[in-house]
Amino acid sequence: IAAASADDSPMRSISGTLTVAPDLAGHVGPDDRLIIKLYRPSGGIELDAKYQIVSSFELPLEFHAAPSIDMSGQTKFDAYVVEAFTDKNADVLAIVPGELIARTPEPVPLGTTDLRLELNATRE
């Protein structure tokens, strides 16, 4: 996530900084994983979801995330919701007490380089 691969064009990715709200910093444990997820919302469904798992991290974290690329080198959409959350039980789908989340309210255009996200709520 922090390092880009040769195939990750800045115009086909989103990068920024993830922080944690000071009053919730105690919820981030040394064994937590960080999940960064991109998806396109459509009628309550998450289209083209892609998860990136960071097993060891420190906040603030500079991140770089890219959606899947098809055989012609294109992405399915030109903007994605970016969601980051902590994972305490090695199961990205199960939510346990103390896991934190940050999410963009709307899809963010690919090519964005200065996105700021803050883990500021518990997952529900």
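Modeller: Let's start in strand β3, where Asp48 sits; strands here are DSSP runs of E, at least two residues long, just as helices are H or I runs of at least four, and both are numbered from the N terminus. This is a predicted model, in which local features need pLDDT of at least 70 and side-chain atom pairs pLDDT 80 or more, while totals for chains, interfaces and linings use all residues. Residues are numbered from 1 along each chain as its sequence is written, and side-chain values use heavy atoms, without hydrogens and water.

Colleague: Is Asp48 buried or exposed?

Modeller: Buried means under 20% relative accessible area, exposed over 50%, and partly exposed in between (1.4 Å probe, protein chains only). Phi of Asp48 is positive, near 50 degrees, though the residue is not glycine. With a relative accessible area of 16%, Asp48 is buried.

Colleague: And Ala90, buried or exposed?

Modeller: Ala90 lies in the loop between β5 and β6, and its phi is also positive, about 55 degrees. Its relative accessibility is 60%, so Ala90 is exposed.

Colleague: Which peptide bond is cis?

Modeller: Most peptide bonds are trans. Pro60 is in the loop between β3 (45–54) and β4. With omega near 0 degrees, the cis bond runs from Leu59 to Pro60.

Colleague: Which residues does Leu18 touch, leaving out those up to four places away in sequence?

Modeller: Contact means heavy atoms within 4.5 Å. On that basis, Leu18 touches Leu34, Leu59, Pro60, Leu61, Phe63, Ala84, Ala102, Leu117, Glu118 and Leu119.
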